[in-house]
Amino acid sequence: MEKGLISVDRWAEGSQAYFLTNLRTDHTQGLSSTWAMAPIFCSRVTAKLFPFKFPNFNLSLLRVLDLGSWHSLSLISPSTGSKVTVQVMAIDAYHCPGAVMFLFRGEFGCMLNTGDFRWEKNCERAKLAKEMLLNALKDDAVDVLYLDNTYCNPTFQFPTREVAAKQVADIISSHPDHDIVIGIDTLGKEDLLLHISNALNVKIWVWPERLQTMHLLGFHDIFTTDTSLTRVRAIPHYSFSINTLEGLNRMHPTIGIIPSGLPWVVKPFEGNCKLFDSLLTSGHNRSKMSSKGGKQNDKSNGNLESVKRFHKYVYSVQYSDHSSYLEIEEFIKLVQPTSMKGIVSSSSCNVDPFYYFGRICGINQPSQKLDNEHQTFGRGVYSGIEKKRKRVGRLGFYLSRVTVMRRGRKGDGLVEMPSATYINIAVLLKIGLEGDRNVYRKENARALD
DNA sequence: GCGATCAGTT
DNA sequence: CACAACTGATCGC
């Protein structure tokens with residue numbers, strides 16, 4: 001497609017219409033409350049959450065696309081000045097609340113951008129999305145597929161979220177006298193918390209901003225910010241550490257659960273390509289986790305465990321909002337794109353989807369260089385001006401002794417609450433919470449529910 | 001004071 | 001080269 005028409009999850013100047021697949025921060029890098037360039041199209045749920053994330057945003061620039069129907073946009077070709085009609089359909093991506101894929105068609109052909117998506121089998125919502133997609137495509141072929149390739153590697157196998165949610169509930173019910181903390185992000189994994197609440201008949205504690213989000217999403221009774229009402233707490237992933245768990249255990253027996261598609265590696269590893277050796281050997285060497293719940297893996301999970309107890313206090317469960325390798329394969333087989341491109345261009349291990357699925361596709365892979373120059377689709381983070389990050393990605397960092405020791409030296413952070421949104425152990429232990437009314441003020445305090 | 005960018009955390 | 005997702009500090013305006 002011609003440059004200068006549309007952008008998906010990218011917020012650089014030069015397009016006439018912008019599309020937002022979901023509200024998580026890796027898709028909104030570059031977007032801010034002062035945005036005034038052009039209309040932004042998104043789903044109804046995203047639009048509802050939008051002002052909470054971008055408080056003074058000019059909402060007249062927001063355009064809601066209802067799922068499953070075509071919308072026409074009239075744009076101007078920057079090169080010829082003539083009118084260009086672009087049609088777009090939003091389809092449920094079943095990732096986090098509000099997440100959608102965008103299907104475009106026009107003179108340029110047919111393009112599908114999945115945003116972040118999960119493509120689970122045998123799930124009602126996914127079936128609906130599949131029908132919607134097939135209906136929309138009919139005889140059209142997808143010329144270019146922009147794909148959530150986060151887990152586009154055969155190593156990434158994990159069960160459906162329904163199965164994983166049961167595993168989490170099993171872990172919790174097998175620890176009846178423990179407090180539970182679960183690490184989550186600002187959006188996503190709501191279904192997991194709902195399942196826990198239903199299965200175990202408990203309320204779920206969340207931090208105040210997250211409660212506002214839950215209210216905006218229409219969940220009014222299940223979640224609470226009152227620590228006395230429940231032993232199950234969802235805390236920001238960011239605040240979840242071995243250190244935190246050890247601190248909590250000094251007060252009351254507590255276990256932590258991290259729901260993530262990333263399989264855990266026990267030891268930090270060196271270099272890139274050793275990642276998968278490391279994963280495989282860790283799977284063989286490690287003692288089996290003792291889930292009392294019985295069934296651990298569905299058959300799609302192969303022989304990799306999806307529940308791991310990698311620390312005295314910490315379990316990880318492979319609950320993922322991104323598609324597994326097999327689901328990606330399923331999706332590509334369904335769509336049969338002529339060419340495709342991963343929207344996550346970050347990992348040397350998540351290689352180009354063409355490496356695994358090229359054969360399924362029609363003809364050829366778009367030139368990498370050409371594509372980077374004219375790319376208008378993707379995650380904002382990886383856009384245009386590429387920043388040089390020095391950090392070294394390490395899946396094993398959670399158990400890095402260096403990290404634990406360094407944090408230990410810094411102190412426990414038991415009292416100070418420097419920021420409005422930072423949730424630390426002090427909040428969980430209710431230390432300094434009562435007297436500190438500043439903790440949750442700031443801009444987000446204007447609740448929208 | 002704001003937003004973009006950088007650096008650092010889990 | 002490169003985990004994803006997030007926060008806090010810093011810098012330029």
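Two residues are in contact when heavy atoms of theirs lie within 4.5 Å, and in chain A, among contacts between residues at least 6 apart in sequence, 67% join residues at least 24 apart. The model is predicted, so local features need pLDDT of at least 70 and side-chain atom pairs count only at pLDDT 80 or more, whereas totals for chains, interfaces and linings use all residues. Residues are numbered from 1 along each chain as its sequence is written, chains are lettered from A and ligands numbered from 1 in the order in which they are written, and side-chain values use heavy atoms, with hydrogens and water left out.

Begin with the whole of chain A, coloured by secondary structure: there are 13 helices and 17 strands, taken as DSSP runs (H or I of at least four residues for helices, E of at least two for strands) and numbered from the N terminus. Of its 449 residues, 51% are buried, that is, under 20% relative accessible area, with exposed meaning over 50% and partly exposed the range in between, for a 1.4 Å probe and protein chains only. The accessible surface, computed by the Shrake-Rupley method with a 1.4 Å probe, comes to about 21,400 Å², of which 51% belongs to carbon and sulfur atoms.

Next, select Ile 40, Phe 57, Leu 112, Leu 133 and Phe 331, which touch the most other members of the largest nonpolar core, a set of 47 residues. Such a core consists of buried Ala, Val, Leu, Ile, Met, Phe, Trp, Tyr and Cys residues joined through side-chain atoms within 4.5 Å. Helix α9 (residues 325–335) gives this core its largest share, 5 residues. Apart from this core lies another, of 37 residues, among them Val 181, Leu 211, Ile 257 and Val 307.

Centre the view on Phe 57 and display its neighbours: leaving aside residues up to four places away in sequence, Phe 57 touches Leu 31, Ser 32, Ser 33, Trp 35, Ile 40, Phe 50 and Leu 62.

Now show the aromatic rings. Rings of Phe, Tyr and Trp (its six-membered ring) pair if their centres lie within 6.5 Å, and planes under 30 degrees apart count as stacked, over 60 as edge-to-face and the rest as tilted; by this rule there are 16 aromatic pairs. Select Phe 19 and Phe 102, whose ring centres are 5.2 Å apart with planes at 65°, so this pair is edge-to-face. Because Phe 19 lies in strand β2 (residues 17–19) and Phe 102 in strand β7 (residues 100–106), the pair ties together parts that are 83 residues apart in sequence. Both Phe 19 and Phe 102 are buried. Phe 50 and Phe 57 also form an edge-to-face pair, at 4.5 Å centre to centre and 65° between the planes, and both of these residues are buried.

Strands pair if DSSP finds at least two bridges between them; strand β6 (residues 83–92) runs antiparallel to β7 and is joined to it by 6 bridges, with Val 88 opposite Phe 104. On selecting strand β8 (residues 109–113), one finds antiparallel pairing with β7 over 5 bridges, in which Leu 112 is the bridge partner of Leu 103, and a hairpin joins β7 to β8 through 2 residues.

Finally, select Arg 105 with Trp 70: the charged end of Arg 105 sits over the ring of Trp 70, 3.8 Å from its centre, where the criterion is NZ of Lys or CZ of Arg within 6 Å of the ring centre and within 35 degrees of the ring normal.
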